[in-house]
Every structure is written in structure tokens, then in C-alpha cells.
Amino acid sequence: MKFASRLEKLPPYLFADLMRRIEAKRKLGVDVINLGSGDPDTPTCPEVVAAAHAGLGLPDNHRYPSNRGKPTFRAAAAQFMQQRFGVALDPDTEIAPALGGKEAVHHLAFLALDPGQVCLCPDPAYPIYASATNLAGGIIHVMPLEARNRFLPDLNAIPIATRREANLMFVNYPNNPTGAVAEAADFDRMIAFAKDNDVILVHDNAYSEIAFDGYQPSSFLARPGAKDVGVEIFSLSKGWNMTGWRISFVAGNQDVVGRFLHLKPNIDAGPFGAIQDAAIEAMSGSSSFPRSMSEIYQRRRDLMVGALREIGLQVMPPKATLFLWCAIPEGRTSVELANLILERVGVVVSPGSAFGRYGEGFIRIALTAPDGRLAEAADRIRGSIDLTVAAAE
Ligand SMILES: *Cc1c(COP(=O)(O)O)cnc(C)c1O
């Protein structure tokens with residue numbers, strides 16, 4: 001058999017290897033604590049589940065869903081964006097549903113990039129921006145996210161020639177994997193860059209609802225000029241524990257939304273109607289649920305940051321997201337350290353290099369386990385690995 005060469009351009013999926021190792025450990029009877037994936041461990045908001053139950057019985061939901069989504073879904077999304085972020089959107093022309101943020105990233109890469117065109121991708125980052133760019137035949141220009149720049153892209157460092165070839169840029173704040181946040185002025189700089197260079201700007205707002213210490217992440221669409229240059233992807237996955245449901249929306253520039261709706265029916269249909277009903281409940285009736293989740297994650301964050309500092313790991317408490325981004329001592333790669341922690345004590349963390357080469361030197365710890373399990377994970381790590389010793393054995 002022969003296969004398409006485009007798959008060869010996909011980055012190696014380190015998580016697949018990790019999943020195999022976890023399975024092998026569990027078969028041996030090891031009680032693995034998985035802090036590797038950013039998948040909420042608690043159930044979906046109960047009112048949202050109830051709305052889905054009600055929606056299951058409605059015959060209108062049993063037929064092909066429209067790619068544009070139900071008018072009630074788009075209205076709820078528009079109202080949510082208005083109330084939560086102060087962003088005014090036309091539900092008929094500026095909002096389109098998608099089957100999760102991941103799907104939206106792919107469609108946006110396909111509608112924006114001709115083969116050979118450049119996509120400005122952050123690194124470290126959610127790996128899907130790079131794989132979507134590759135599948136679309138685009139060329140990745142890496143924007144390093146470094147601690148000295150608060151994990152924001154240094155736009156001035158992008159060469160002039162690259163700017164001319166670029167037609168798309170992905171950014172994501174609050175950020176996975178670094179936990180960094182962007183302020184209004186940071187979004188303004190990105191918008192000005194996109195305008196000056198005629199680049200479509202996509203802001204992936206997957207974590208706006210999970211934030212701590214009273215901090216309220218905003219929408220990039222709340223900044224002047226944002227709608228002229230791009231769109232935001234808003235996912236219900238993290239805020240309402242809905243990763244399994246596959247529901248998000250794309251909002252903003254109506255030409256981009258229009259192209260999105262032109263492309264998408266060629267690939268799939270809209271989200272299942274009962275899931276749209278569930279999302280409507282999340283956005284209108286249960287908009288306070290993410291705050292209660294944020295309190296849970298904040299407690300976990302404080303517990304884990306304290307424990308890791310005792311072990312000797314440097315970690316800044318993030319203002320948002322489900323993640324701790326920890327610098328690791330020199331002497332081992334992040335993959336070596338993550339493997340060592342898994343082999344010795346059955347705790348899964350993500351190696352920073354799984355998010356790109358600028359993620360090397362870090363591990364990502366997801367706060368997706370109850371307090372007791374997190375404390376045990378920290379105890380296990382402390383008991384068996386001296387992280388202050390640089391040399392690998
Ligand atoms: C989790 C996550 C998403 C959301 O993914 P869904 O496909 O909506 O479940 C999008 N972007 C980033 C950076 C994420 O971490």
C-alpha cells in the first residue's frame with residue numbers, strides 16, 4: 001500500500017508513545033496518576049447534561065444539523081460574548097459553530113493558507129496549529145514564546161520577508177502550555193501587526209473561563225480593530241467540562257466566518273442538535289459553572305505549586321488555565337525527566353518538547369486530579385527523585 005505523503009509532515013505525536021507507556025504500567029498493576037493531558041477530570045455541568053437529555057427527545061434534533069448552527073445557538077453565543085466580554089456580534093454573519101476548537105483550527109488553516117504560504121505559529125503551543133498548517137500545505141514560521149517576553153510572541157523579530165509570505169497567525173491566551181496571559185496592550189500589538197501585514201489573526205480562547213485570584217481573561221475581540229483582522233475560537237470544552245461533547249464556535253470577522261461556512265459543509269455537518277441545546281444552557285443558564293471549577297483548580301494550583309517548590313522545581317503560579325509550566329534542572333531533557341518520573345513513581349507529566357522545541361527545559365503538569373491525588377503525586381516525586389541534582393545517572 002502507498003499513503004499520502006502529507007502525513008509524514010505531521011509532527012511526531014509524543015502523547016501516543018506516552019499512552020502506550022501508561023497502559024504498560026497499568027497492566028503491571030501500577031497506580032498511575034495521570035497529570036499529562038488537559039482533560040478535566042470532573043463531570044460536565046449537571047444542568048448542561050439535563051439540557052442534552054431534553055434535546056435528545058426532540059425529533060428536529062434527529063436530522064442533519066445545519067453547519068450554521070441553530071439560530072438559538074448563535075443567539076446564545078452572541079449574548080454570551082456580549083455579557084461576558086462586552087463584544088457585540090451579529091449572530092447571523094459573525095458566528096459559526098464547530099465540532100470543538102480543534103476542528104475549527106483545521107478549517108481556519110485550510111481557508112487561509114495556500115500551499116507554500118506562511119503561518120505564524122507559537123512555540124511551545126497546542127500542537128494542532130502546526131499540524132493544521134502542515135496538512136494545508138502551509139509553511140510554519142515559529143514564533144518562540146520565551147519567559148523573558150512573558151511567553152508572548154516577539155513580533156518585531158519576525159523577518160520582513162516572512163511577514164510578506166505570511167497569511168495566518170495563531171495565538172492563544174490564556175496559554176496552553178505556559179499558563180501565560182495577554183493584556184489588552186498585547187492584543188493591540190498583535191492586531192496592529194496583523195493589519196500592517198495583512199495577516200489573518202486567529203485567537204484561540206480555550207481557557208478564558210478558567211482563571212484565578214479574581215483575574216478575568218478577556219476576548220481579543222474586545223479590542224478595537226480585532227474584527228477587521230480575524231476571529232476568535234471559543235470552546236466550551238474546558239469551562240464546562242465538555243471535552244467529550246465537541247462544541248465550540250468561531251466568532252469575529254465576517255469574511256472569515258463566511259469562508260468557514262463555505263468550507264465546512266464539504267467536510268461535515270454542524271454539531272448534533274442536542275449538543276447545541278446543551279451548549280445554549282451552558283452559555284446562558286450555567287455561565288457561573290466555570291467560576292466554581294476555577295475555585296477547584298485554584299486550590300489544586302496552590303497545593304501543587306507549594307509541593308513542587310519544596311521539591312526544588314521552579315514554578316510560577318499561573319493566573320489561568322489548567323496547567324503548571326515548570327522549569328526543570330539541567331542535565332536531562334524534558335522527555336527523559338517525564339519518562340523517569342513515570343518509570344519510577346507512576347506519575348505522568350507532559351514533556352515540554354511535546355509542545356515544540358522552545359518547550360524544552362520545562363514540563364507541564366495538568367491540575368486534572370483531585371487534591372489528594374495531586375498531593376500524592378508530589379509526594380511520590382519528592383520521595384524518589386532528587387530534582388536539584390543535575391546529573392543524569
Ligand atoms: C483544549 C484546547 C482547545 C479546545 O479543544 P476542543 O477541540 O474544543 O476540545 C483548543 N486550544 C487549546 C490551546 C487547548 O488547550
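Asp-123 stands opposite Pro-144 in strand 4. That is where I'll start. A word on the source: this is a predicted model, where local features need pLDDT of at least 70, side-chain atom pairs count only at pLDDT 80 or more, and totals for chains, interfaces and linings use all residues. Residues are numbered from 1 along each chain as its sequence is written, and side-chain values use heavy atoms, with hydrogens and water left out.

Back to that pair of strands. Strand 3, residues 118-123, runs parallel to strand 4, and six bridges join them. Two strands pair if DSSP finds at least two bridges between them. Helices (H or I, at least four residues) and strands (E, at least two) are DSSP runs, numbered from the N terminus.

Seven strands, open, in the order 2-8-7-6-5-3-4, with mixed pairing. Strand 2 (95-98) and strand 4 (139-144) are the edges, each pairing on one side only. The twist averages 25° from one strand to the next. Helix 4, residues 101-112, packs on this sheet. Helix 4 touches strands 2, 5, 6, 7 and 8, and its direction makes about 160° with that of strand 7. Contact here means heavy atoms within 4.5 Å. Axes are lines fitted to C-alpha atoms, for helices over the stretch in contact, and angles run from 0 to 180 degrees between N-to-C directions.

Four strands, open, antiparallel, in the order 9-10-13-12. Strand 9 (314-315) and strand 12 (350-351) each have a single partner strand, so one side of each is left without a neighbour in the sheet. Two bridges join strand 9 to strand 10, residues 323-327. Gln-314 stands opposite Ala-327 in strand 10. Helix 11, residues 289-311, lies across strands 9, 10 and 13, at about 15° to strand 10.

Next, a helix pair. Helix 3 (71-85) and helix 10 (273-285) pack at about 20°, with axes 9 Å apart. That makes them roughly parallel, a term for angles under 35 degrees. Which residues of helix 3 make the contact? Thr-72, Phe-73, Ala-76, Ala-77, Gln-79 and Phe-80. From helix 10 come Gln-276, Ala-279, Ile-280, Met-283 and Ser-284.

Last, the whole chain. The secondary structure comes to 13 helices and 13 strands. The radius of gyration is 21 Å, close to the 21 Å the globule rule gives for 393 residues, so the chain is as compact as a globular protein of that length. That radius is taken over C-alpha atoms, and the rule is 2.2 Å times the number of residues to the power 0.38.

Note on methods
Angles under 35 degrees count as roughly parallel, over 145 as roughly antiparallel, 65 to 115 as roughly perpendicular and the rest as oblique.
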